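Student: Could you help me learn how to read a protein model, one feature after another? I would like to hear the general idea and then the case at hand.

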Amino acid sequence: MRISSTLLGVATLVAAAEAQLRGFNYGAFFMNNAAKKQVDFEYEFNKAKNLPGTTGWTSARLYTMIQHGTTNTPITAIPAAIKTQTKLLLGLWASAGSANFNNEIVALKSAISTYGTAFTNLVVGISVGSEDLYRITPTGIANRAGPGVQPNNLINYIKQVRMAISGTGLSGKPVGHVDTWTAYVNASNNAVISNLDFVGVDAYPYFQTTMANSIGNANATFYDAYKQTVAAAKGKPVWVTETGWPVSGPKQNQAVANAANARIYWQDVACSLLAAKVNLFWYDLQEAQWGNPSPDFGIFGAGDLGTLSPRYSLGC
Ligand SMILES: *[C@@H]1O[C@H](CO)[C@@H](O)[C@H](O)[C@H]1NC(C)=O
Ligand SMILES: *[C@@H]1O[C@H](CO)[C@@H](O)[C@H](O)[C@H]1NC(C)=O
């Protein structure tokens, strides 16, 4: 019994080690609303692969299948990923209504037929939606991203995606959803979890303003959210799809945004997740291109990624 559970433990660890993903979140457009082109995605993907003090950031999480500014043309992050051999956690935007979601499906199918196995072999997962259940709660922010989606509609979207990929190069890829940890611990969303292959969780102690959320408590606050999500996940793998600490921005309750605190958060949270082989998509590589985000979570500020240095150390 003891031996077999030890062997099982080793086998699980080996599988997890092989499977671990390290990546960033990649929006479809810059802060001035200009669409990222293939060359922009390539530039970002190459920078992520060549960070000082850390390695293995070869995965990219996308929010949409649609090239920004088009109706349903596949996003140019796909040819950029093929060129740079970047693994993809695909995203279909689900917060903006069913007509928009149909266009996401069209772009997904079109990407499969246009790029074939060069594309599908790079896909590590498909997220149906991003924070859509959070957006419909009283504290959620319904903005130009759309009003969010009810759990039953989200399940319907998940089924549409499973149908769209069946019999294609993407069949068998894990289909999941990304939301805030608060959405998963909310029992009204239980049926969504039952329909997922993986659970993507976003957690930001910086924004948890009803709690003691100084940087000194941030690691404990993050792991509390993560562990509550794991407990709610019905045994499905939990991927950390967004977390980070801002280098600048307003004070949120006790949370102070600066590079020193972002460094502490990286050392405590990123380094422990990497050591534990948890799939991690950090927020974020660069936010400030052609604008002034506040807060700004970027490891890099605005400017040419080719020449910029990180605003905090990335060693573990
Ligand atoms: C719990 O989830 C339901 C369904 O998604 C949502 O309508 C409700 O606002 C959530 N409750 C809280 C407190 O977030
Ligand atoms: C962060 O929390 C985790 C989970 O409780 C713990 O294992 C780890 O030691 C903590 N790290 C720090 C630096 O406090």
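Student: In which helix is the place of Asn100?

Tutor: Keeping in mind that this is a predicted model, you will find Asn100 in helix H4, which covers residues 98-120.

Student: Is Asn100 buried, partly exposed or exposed?

Tutor: A residue is called buried under 20% relative accessible area and exposed over 50%, with partly exposed in between. Asn100 counts as partly exposed because its relative accessibility is 25%.

Student: Which residues is Asn100 in contact with, leaving aside its neighbours within four places in sequence?

Tutor: Once those sequence neighbours are set aside, Asn100 is in contact with Ile66 and Trp93. For Gln252, on the other hand, the C-alpha atom lies 34 Å from that of Asn100, and the two residues are 152 places apart in sequence.

Student: Which strands pair with E6, and over how many bridges?

Tutor: Strand E5, residues 175-180, runs parallel to E6 and is joined to it by five bridges, while strand E7, residues 238-242, pairs with E6 in the parallel sense over four bridges.

Student: Finally, which residues are around ligand 2?

Tutor: The shell around ligand 2 consists of Asn219, Tyr223, Lys227 and Asp268, and by type these divide into one nonpolar, one polar and two charged residues. Helix H9, residues 215-232, gives the largest share of this shell, with three residues.

Student: How far is an oxygen atom of ligand 2 from an N or O atom in the side chains of Asn219 and Lys227?

Tutor: For the side chain of Asn219 the distance from a ligand oxygen atom to an N or O atom is 2.4 Å, and for the side chain of Lys227 the corresponding distance is 3.4 Å. As for how far ligand 2 is covered, it exposes 360 Å² when taken alone, and the protein buries 41% of that.

How values were computed: Residues are numbered from 1 along each chain as its sequence is written. Chains are lettered from A and ligands numbered from 1 in the order in which they are written. This is a predicted model: local features need pLDDT of at least 70, side-chain atom pairs count only at pLDDT 80 or more; totals for chains, interfaces and linings use all residues. Side-chain values use heavy atoms; hydrogens and water are left out. A residue is near a molecule or strand if one of its heavy atoms lies within 4 Å of it. A polar contact is a pair of N or O atoms within 3.5 Å; within protein, one must be able to donate a hydrogen and the other to accept it, and residues adjacent in sequence count only if both atoms are side-chain atoms. Accessible areas come from the Shrake-Rupley method with a 1.4 Å probe; for residues, only the protein chains shown count as cover. Helices (H or I, at least four residues) and strands (E, at least two) are DSSP runs, numbered from the N terminus. Ala, Val, Leu, Ile, Met, Phe, Trp, Tyr, Cys and Pro count as nonpolar, Asp, Glu, Lys and Arg as charged, and the others, Gly among them, as polar. Buried means under 20% relative accessible area, exposed over 50%, partly exposed in between (1.4 Å probe, protein chains only). Contact means heavy atoms within 4.5 Å. Two strands pair if DSSP finds at least two bridges between them.
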